[in-house]
Each structure stands twice: as structure tokens, then as C-alpha cells.
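Here are my notes on the model, written as numbered points. Please keep the sequence and the structure open while reading them.

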Amino acid sequence: MRWFMKTTKNNENVLPAVKRILDNYLEMNNHRKTVERYEILKAVYSIDGHFTIEELGDLLTEEYKFPVSRATLYNTLRLFMELRLIIRHRFQGTTKYEACYADDDHCHQICTVCGKVIEVRAPEISHAINDLRLKRFHKDGFSLYIYGICSTCQAQITRKKHYQKNK
């Protein structure tokens, strides 16, 4: 997996903003500002796209030379979800996370054969949801999952059918 620094549309690094959110929460709730929380936050926001907890642990160990326990990762990611700094997705039996501060709403295209997930920008869907008036509910964002078969898997299925037909 290749890692990229997460940036906003204006190409500004979002890390200072998410650090402020974490700082404020920890100070207001009299929690400790641990090095682990900040290193995990930095690693999460260095990943462009979806990641598993194992991939995050590997990144911290290999790139940051900062190994942390699985319990610390789970507890910290739970805190980040409460603060709306990350979002958790459940893609076909796999749990993945994604940094979501200053991120556009988007759709996920999921292959039901291989499980590959591709982010899809669909402005018309975003506009429709943003224009949607919901009673007694404040929208913060959305995620849409579109299930189907990717072109690679479809080609393999077609080749297999063709091979069996000509056998």
C-alpha cells in the first residue's frame, strides 16, 4: 500500500485542524494528551483512502517507527470516531476506516466478487442529498455504497464461461 498526505481541496494540510479538535476535546474532558494519540492521528491523516487497523499498525511500526498495541489502536480509533475525525466502513466482512475531516461526501463502488472498493465522486447525488429536507434532523454527511462486479472480475467471469463453453 502506498501512503500519501491527506489534504483539503485547497491543498492545505488538515493535520493542524484535526490536532486542535483533539487538543480541545482532551483538555475539556481532562484526558491525557498522550504521544500515542497524536502519532496515530498523524498516521491516519497521512493515509489517502481506506485502511484497516492492521495497515495502520504496520504504518506506525514501519514508517513512523512507533509501534502501538492493538488495544491502543482500537481505543484511539473509537475516540476519533466520536470526534468525527474518522469514519468506519464495513465492506463485505471487512472493517475499514477513513479520515473524514474536510472531506467531500462520496460514494463507494464495491465489487461483490473481489471486494475492491473505489471511491466515486457523484456531484448530482451530493446535490440531491444536500437539497433533501429532513424533519428534525441535521445532516453532517453521507456515504453511499454501490455494489456490483468490477470490470476485472467481469472479464474473468466472461473468460471462464467462454472457456467452459468451448471445452
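**Notes on helix packing, salt bridges and cysteines**

1. Helix α1, which covers residues 15-28, packs with α4 at an angle of about 100°, and the two axes are 11 Å apart. Angles of 65 to 115 degrees count as roughly perpendicular, so α1 and α4 are roughly perpendicular to each other. Please keep in mind here and below that this is a predicted model.

2. Which residues make the meeting of α1 and α4? From α1 come Leu22, Tyr25 and Leu26, and they meet Leu79, Phe80 and Glu82 in α4. Sorted by class, this contact has 5 nonpolar residues, no polar ones and 1 charged residue.

3. Helix α4 (residues 70-82) also has a contact with helix α2 (residues 35-44); their axes come within 10 Å and cross at roughly 70°. With the range of 65 to 115 degrees in mind, α2 and α4 are therefore roughly perpendicular to each other too. On the α2 side the contact is made by Glu36, Arg37, Ile40, Leu41 and Val44. On the α4 side it is made by Thr72, Leu73, Thr76, Leu77, Leu79 and Phe80. By class, the contact of α2 with α4 has 7 nonpolar, 2 polar and 2 charged residues. Note that Leu79 and Phe80 of α4 are listed in the contact with α1 and also in the contact with α2.

4. How many salt bridges does a search of the whole structure find? The search finds 5. One of them joins Glu27 and Lys33, with the closest N and O atoms 2.4 Å apart. Glu27 has a relative accessible area of 45%, so this residue is partly exposed. Lys33 counts as partly exposed as well, because its relative accessibility is 42%. Glu27 and Lys33 also belong to a network of salt bridges that includes Asp23.

5. Another salt bridge is formed by Glu54 and Arg70, where the closest N and O atoms are 3.1 Å apart. This pair links distant parts of the chain: Glu54 is in helix α3 and Arg70 is in helix α4, 16 residues apart. Is Glu54 buried, exposed or partly exposed? At 40% relative accessibility, Glu54 counts as partly exposed. Arg70, at 44%, is partly exposed too.

6. Arg121 and Glu119 form a further salt bridge, and here the closest N and O atoms are 3.8 Å apart. Arg121 counts as partly exposed, with 49% relative accessibility. Glu119 is also partly exposed, at 27%.

7. Thr52 deserves a separate look. This residue lies in the loop between α2 and α3 (53-62). Buried means under 20% relative accessible area, and Thr52, at 10%, therefore counts as buried. Which residues does Thr52 touch, leaving aside its neighbours within four places in sequence? Thr52 is in contact with Thr94, Thr95 and Lys96. Lys33, by comparison, is 19 residues from Thr52 in sequence, and the two C-alpha atoms are 24 Å apart in space.

8. Last, the cysteines. A disulfide is a covalent bond between the sulfur atoms of two cysteines. The structure holds 0 disulfides. Cys107 is buried, because its relative accessible area is 1%.

9. Cys153 is in no disulfide either, and the nearest cysteine sulfur, that of Cys150, is 3.6 Å away. For a disulfide, the two sulfur atoms have to be within 2.5 Å. Is Cys153 buried or exposed? With a relative accessible area of 5%, Cys153 is buried.

Notes
Residues are numbered from 1 along each chain as its sequence is written. This is a predicted model: local features need pLDDT of at least 70, side-chain atom pairs count only at pLDDT 80 or more; totals for chains, interfaces and linings use all residues. Side-chain values use heavy atoms; hydrogens and water are left out. Axes are lines fitted to C-alpha atoms, for helices over the stretch in contact, and angles run from 0 to 180 degrees between N-to-C directions. Helices (H or I, at least four residues) and strands (E, at least two) are DSSP runs, numbered from the N terminus. Angles under 35 degrees count as roughly parallel, over 145 as roughly antiparallel, 65 to 115 as roughly perpendicular and the rest as oblique. Contact means heavy atoms within 4.5 Å. Ala, Val, Leu, Ile, Met, Phe, Trp, Tyr, Cys and Pro count as nonpolar, Asp, Glu, Lys and Arg as charged, and the others, Gly among them, as polar. Buried means under 20% relative accessible area, exposed over 50%, partly exposed in between (1.4 Å probe, protein chains only). A salt bridge is a side-chain nitrogen of Lys or Arg within 4 Å of a carboxyl oxygen of Asp or Glu.
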